[in-house]
Structure formats: structure tokens, C-alpha cells
Amino acid sequence: MAGSSKTITDFFQANPGPAKRQKLSSPSDHQPPPSVAITAEQKSRMELNKCMAKSKRNLKICSQKVSESKVEGSGYVKLDELLVEETWLEALPGELQKPYATTLCKFVEREISSGSVPIYPPQHLIFNALNSTPFDRVKAVIIGQDPYHGPGQAMGLSFSVPEGVKVPSSLVNIFKELKQDLGCSIPSHGNLEKWAHQGILLLNAVLTVRKHQANSHAKKGWEQFTDAIIRTISQKKEGVIFLLWGNSAQEKSRLIDQTKHHILKAAHPSGLSANRGFFGCRWDRMFY
């Protein structure tokens, strides 16, 4: 297939070619350079590099806070201290200080502090979706339910797992549909960080979960917080693509202004439902 080397992010941003070797100049050529316009590809590359650097910085900040809390003996960092991406703090002013969020924070703190059952993802990755995809970079939103509840799976990005972890069936089916519909190559791993850096917000409706207990942190306040995220994107941005897979995600359509944004609905990509409306859902409608 001619397009088999493509990935989904190629449809959001052109892939700039290799940097060209510059011609050496002589001393006599050392004059003020003329004003040169930056191409769209160069600008995209600069923005991507900047986003990747910010994401790495945000991850380092959160990791340091968790490490310091362990040294101090508490082993817990308050939730509102783990959302460090400035553009989201500006877009959601005071959201984590609202009464529902205060109750949520206390619940998550008790769950982590008790230590009786591991909580996923690790603390420093709870807000990984927001810390990896700045508000001003959001071009598409893929909504999941709650984090994977197996050891080592959850990384704070919906459907994503770290490299080296077996790719879950849902993500396998997502890759298959991308290849079938858009000719995208199928990665050898399930880490979707590159998608996040390119502007795809990988947002679960619930951001924490107990080990081996799906939906164990549902209806504790996370849904209200992530609803606020979706509503804010709808109100403050235009032309965002929302991918709503399964009934749970499709309920979020009530938060989205469909006169300003694009919604693609399909069955959930899980092994149980992919053949009932996910395969053949036509990703190309997002881009053309």
C-alpha cells in the first residue's frame, strides 16, 4: 500500500523532510542575513519540539514532587499540584478548588495513602493527558472510560500503554482500522505519546482506578472534572475533532457545540464490540 508508512499524526501535521546541509560561507559573506519567511513545515516542527520539551518538563516536575513527598514521609501529592501545564490552568481557572474537586482530591488521597490496593496510573501521570497536550495545541480529542487497571499499563493517556507492555485489544483494533482506512503503519508498541504531542488529547472520563477493579473510581468527581475539560474545549476553541467510541463516550456529545466542532461516533474498539460498528467507521471523515 502506497501510504503504509504514514501514521495518524501525519494527517494533523506535515512531516518535514531532513534538514538540508548549509553551504559554507567565506568571511566576506558575513553580512546581516536577509529576512527569510518560515515555512509552514518549519513552523510545525518548531511547535512540535516546543510541545515535547514542555511535556518533558511537566513530567519531570510531577515526578520530583512525588519523590519529595516520599522523602518527607507522606507519599502523596495533592492533585491540584500535579496539573502543571500553564495553558490548562488558564483554561480551567479554579476548577480543582471547587467543592466537588476538593471532595475528589480527599478521596484519591485516602486511596493512595492507605496503600491497601495500588492506584493507577502512578501519581505523576494522573494528569498526563493535560500535561502532555497543551490547551492551545488541542486538535482532536479521543475519550476513553477509565485507566487500564493492570500493573504497568496505565500511563494517563486514554488507550495508551508504555512501550514493552502488551498492546491491549482495543488499541490493536484502533491500529487495524487506521491501516485499513488511511493506510497508516501499525506501530510495534502501544505508546501514544507522539499523538499527544501532535495535539490529540487522549482523555479518560475517569483519571484513576484501583488495581484490577474497573470503574472503581467512577462517580467520585472525575466525570465532573473531565466534563469541564470537554465543555471548555467546546466553548473556547473551534474545529476540534471529537472521537466518541461507545455509549459512554457518546454521552459527552451533549457538552460539545456541533456547530463549531466535528464529532465522529462509532462503536467502542474493544474486542467485544469492534465488529459491531467500529471497523469501517471511516477515519477519513476527520481529515477530508
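**Entry 1: the annotated site**

I began with Asp-146, which the UniProt annotation "active site" covers in an unreviewed entry. The model I am reading is a predicted one.

Is Asp-146 buried or exposed? Its relative accessible area is 14%, so I wrote it down as buried, since buried means under 20%.

Next I listed its neighbours, leaving out residues up to four places away in sequence. Asp-146 touches Asn-204, Val-206 and Val-209, and also Ala-214, Asn-215 and Ser-216. With Asn-215 I could note a distance too: the side chain of Asp-146 reaches the backbone nitrogen of Asn-215 at 2.6 Å.

I then checked the partners of β2 one at a time. With β3, β2 pairs in the parallel sense over five bridges. Which residue of β3 is the bridge partner of Ile-143? I found Leu-203 there. With β5 (residues 241–245), β2 also pairs in the parallel sense, over three bridges. Here I noted Phe-242 in β5 as the bridge partner of Val-141.

How many of its five residues are buried? I counted five of five, so β3 is mostly covered. Both of its faces are covered. Ile-200, Leu-202 and Asn-204 are buried on one side, and Leu-201 and Leu-203 on the other. Asn-204 was already in my notes as a residue that Asp-146 touches.

**Entry 2: the nonpolar core**

Leu-201 turned up again when I looked at the largest nonpolar core, which has 69 residues. The members that touch the most other members are Trp-88, Phe-127, Leu-201, Trp-222, Phe-225 and Ile-233. Helix α3 (residues 99–114) gives the largest share of this core, six residues.

Not counting residues up to four places away in sequence, its contacts include Leu-83, Leu-130, Pro-134, Phe-135 and Val-138. Leu-201 and Ile-233 are also among the residues that Trp-88 touches.

**Entry 3: a stop at Ser-185**

Where does Ser-185 sit? I found it in the loop between α5 and α6 (193–197). Ser-185 is partly exposed, with a relative accessible area of 29%. Ser-185 and Phe-175 are 10 residues apart in sequence, and I noted 8.0 Å between their C-alpha atoms.

**Entry 4: the whole chain**

Last, I stepped back. The chain has eight helices and six strands. From the N terminus on, I read its elements as α-α-α-β-α-β-α-α-β-β-α-β-α-β. Of its 288 residues, 48% count as buried. I also looked up contacts between residues at least 6 apart in sequence: 71% of these join residues at least 24 apart.

Technical notes: Residues are numbered from 1 along each chain as its sequence is written. This is a predicted model: local features need pLDDT of at least 70, side-chain atom pairs count only at pLDDT 80 or more; totals for chains, interfaces and linings use all residues. Side-chain values use heavy atoms; hydrogens and water are left out. UniProt positions are given in the numbering used here, feature names are shortened, and annotations may be inferred rather than shown by experiment. Buried means under 20% relative accessible area, exposed over 50%, partly exposed in between (1.4 Å probe, protein chains only). Contact means heavy atoms within 4.5 Å. A polar contact is a pair of N or O atoms within 3.5 Å; within protein, one must be able to donate a hydrogen and the other to accept it, and residues adjacent in sequence count only if both atoms are side-chain atoms. Two strands pair if DSSP finds at least two bridges between them. Helices (H or I, at least four residues) and strands (E, at least two) are DSSP runs, numbered from the N terminus. A nonpolar core is a set of buried Ala, Val, Leu, Ile, Met, Phe, Trp, Tyr and Cys residues joined through side-chain atoms within 4.5 Å.
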